[in-house]
Amino acid sequence: MNRIDKLFQQKQNNLLSIYFTAGFPNLNDTLSIVRHLDKAGVDLIEIGFPFSDPLADGPVIQQSSGQAIENGMTLSMLFEQLKDVRRHTQIPLVLMGYMNPVLQFGEKEFFKKCNEIGIDGVILPDMPLDYFECKLQNIVEENDIANILLITPETNSERINQIDNLSRGFLYMVSSNSITGGNKTMDMQTEYFYRIKAMNLKNPTLIGFGIKNKETYENACKYSNGAIIGTAFIEHLKQHGIAKESIQTFIKSIRK
Amino acid sequence: MNHTKPDKYGYYGEFGGAFVPEMLYPNIKELQENYEQIIQSDSFQEEFKSLLRDYVGRPTPLFFSKNLSAQFGAKIYLKREDLNHTGAHKINNAIGQVLLAKRLNKNRIIAETGAGQHGVATATACALMNIDCTIFMGEIDIDRQKPNVERMRILGAKVVAATSGSKTLKDATNEAIREWINNPVDTHYIIGSVVGPHPYPDLVTQFQSIISEEIKMQLNEQTGNERPDYVIACLGGGSNAIGAFYHFIDNGKTKLIAVEAGGEGVYSGKTAATIALGKIGIIHGSKTYLIQTDDGQIVEPHSISAGLDYPGIGPIHSFLHDTGKVEVVNVTDQEALDAAFHLSKVDGIIPALESAHALAHLNKMTLKTSDVVVINLSGRGDKDMLTYQKFM
């Protein structure tokens, strides 16, 4: 059974998902970060594969992607680093990145490889819905990969239903209309959070963008199944390194 | 098959589309649903055409160059886009898009710029129509193109330095798109070429198609035949090229030649020749040929001309190339410089470095005396004086 589906069967509240960029701060940190996050008790890990022109990302994730590319990270290398990951951990793993590297790797090969390694879900923010339906849906389903799509405060209800239908695993609920690492206040989104909750969607929801500490995490958890932290974690890695203790300290500061 | 119109999802064959994150979807959707109806309306066309005539100075002349004709043994015509207000064809699109933004009730314009020509054109149109304007420009380009930065500021625009990535045009485009994501409701983004997510390639194509519409009429007046044997234009993103080609595609006679920036040579590692080196990928929301690594990272291109210094080309050009409707060639920095100096001396016209690429291709053609050749002189060389001084 897909580990994301299993996770949400067992647990519906206060989930914590952490995003980091593969190849940052150092090329070969990927597996260590995954293992430390697992030990620190997070529920789900999103591994970003870097792209030179990440449209939806703010300066912190852009910079980590740039550094990762400079360090030599590629999709092939990431798959190589992760090939034995399932010997170490059973935590649900999601790959996140932009379409172009996937296109160059080969779309079919990409999803096949994800399945082989034990990746449970994929988030491709710049993949259009019609493109998914025409070109990717069959391949994604054949490989038992959860296709995780984004919704925002500006997404209308008809489209939310369409996205909900094409999604599996969870819906990535972007907290505000902004790029990652934004500072817009949570209060502004309360109406949107309530509106989504009232829609009774088939997929659970995790809130991401702008979640950076205990306060924002707990607030997000009030309206959804949990929250995603990316930028703040990357900032932490930059300042405090990737050692087990460092990562544990960060996770503890969010959730006991 | 129609070679000039995308399908309803924005595809020209396999190229184009709208590969944008959900945060950008409402902005794009609003444009997709409204642009055609607005720009085809009589009131829009009337206002657009009158501004092009009375403010921009259209139609621009089609100049028969006796000197070049004698030298190359054919009938060579120059379409004088360099005589437009602000010095290049970019103003056609800027005026059109600001008019569109007003009709969409936007009160703020953002745009990206490389050399500064599109930025100046946008700042100009915004000043004219009294709308707030912010231009994103790579930090490196701000240093290289000081006079255009000052022009934009005098025109009342705010110039914001793009400090991400390679700090040039593609990063200025990324920053403008990010700004749009953060301000989806009140802001319109004016993209400067036939690139970006659907409907931009079609939108910009329609605003620039006035160039070939005029060439057709002017050629007919001057020669009695509206179909030339060749139309030659430089190709960066491709807005002047599609403007010059548009009404000649599929006419059964005219050969269309797009000239890319070869930089220091196609295999030198310092080039912007997308078709020569590119592979199909996704850049700025559009599927097209682009210069990239095997792993799909976009490579920073090189050209002596900042306006051709873009790693992709518009999806319509990828399609016209693959279907054999347009021949894509390239010339080097040096060949472009030589052509610029030559035209300055023989005809008294200092062309933009971009346009000089189109001129330089003349040397590589085998022409008959009866051949009618139109070269799109997309811009004037004032902005390139520092570069020209260095190579004189």
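The model is predicted, with an ipTM of 0.94 and a pTM of 0.96. For chain B the mean pLDDT is 96, and 100% of its residues reach 70 or more.

## The sheet of chain A

Two strands pair with β3(A). Strand β2 (residues 44-48) of chain A runs parallel to β3(A) and is joined to it by 4 bridges. Within that pairing, Gly48(A) has Met96(A) as its bridge partner. Strand β4 (residues 121-123) of chain A is also parallel to β3(A), with 3 bridges between them. Here the bridge partner of Met96(A) is Ile123(A).

Elsewhere in the order, strand β1 (residues 15-21) of chain A pairs with strand β9 (residues 226-229) of chain A in the parallel sense over 4 bridges. One bridge of this pair sets Ser17(A) against Ile228(A) in β9(A).

## The interface between chain B and chain A

The contact involves 32 residues of chain B and 37 residues of chain A. About 2900 Å² is buried between the two chains, and carbon and sulfur atoms give 55% of that area. Glu22(B), Met23(B) and Arg178(B) supply 23% of the area that chain B buries against chain A, more than any other three residues.

Across the interface, 17 residue pairs are in polar contact. On the side of chain B that touches chain A, α1 (25-40), α8 (169-182), β11 (279-283) and β12 (286-290) of chain B each supply at least two residues. Helix α8(B) gives the most to that side, with 8 residues.

The count of salt bridges between chain B and chain A is 2. One of the cross-chain pairs is Glu22(B) with Arg159(A), whose closest N and O atoms are 2.7 Å apart. Glu22(B) lies in the loop between β2 (15-16) and α1 of chain B, and Arg159(A) lies in helix α9 (residues 157-166) of chain A. Both residues of this pair are buried. Another salt bridge links the side chains of Lys170(B) and Asp53(A), at 3.0 Å from N to O.

## Salt bridges

Over all chains the structure holds 37 salt bridges. The table lists some of them.

| Residue pair | N to O distance |
|---|---|
| Glu22(B) and Arg159(A) | 2.7 Å |
| Arg178(B) and Glu175(B) | 2.8 Å |
| Lys170(B) and Asp53(A) | 3.0 Å |
| Lys368(B) and Asp371(B) | 3.7 Å |

Arg178(B) and Glu175(B) both sit in helix α8 of chain B, 3 residues apart, which is about one turn of the helix. Arg178(B) has a relative accessibility of 2% and therefore counts as buried. Glu175(B), at 18%, is likewise buried, the cut-off being under 20%. Arg178(B) is also one of the three residues named above for their share of the area that chain B buries against chain A.

Lys368(B) is exposed, with a relative accessible area of 55%, whereas Asp371(B) is buried, with 3%.

Chain B also holds a network of salt bridges that links Arg58(B), Lys79(B), Glu81(B) and Glu214(B).

## The surroundings of His89(B)

Glu81(B), a member of that network, is among the residues that His89(B) touches. His89(B) is placed in the loop between β4 (75-80) and α4 (90-103) of chain B. With a relative accessible area of 6%, His89(B) is buried. Leaving aside residues up to four places away in sequence, His89(B) touches Glu81(B), Asn84(B), Gln208(B), Ile211(B), Ser239(B), Asn240(B) and Ser378(B).

Methods: Residues numbered from 1 in each chain as written. Chains lettered and ligands numbered in written order. Predicted model: local features only at pLDDT ≥ 70, side-chain atom pairs only at ≥ 80, totals over all residues. Heavy atoms only, no water. pLDDT = per-residue confidence, 0-100. Pairing = 2+ DSSP bridges. Contact = heavy atoms within 4.5 Å. Buried area = accessible area lost by both parts, 1.4 Å probe. Salt bridge = Lys/Arg side-chain N within 4 Å of Asp/Glu carboxyl O. Polar contact = N/O pair within 3.5 Å; in protein donor to acceptor, adjacent residues only side chain to side chain. Buried < 20%, exposed > 50% of the residue type's maximum accessible area, 1.4 Å probe, protein only.
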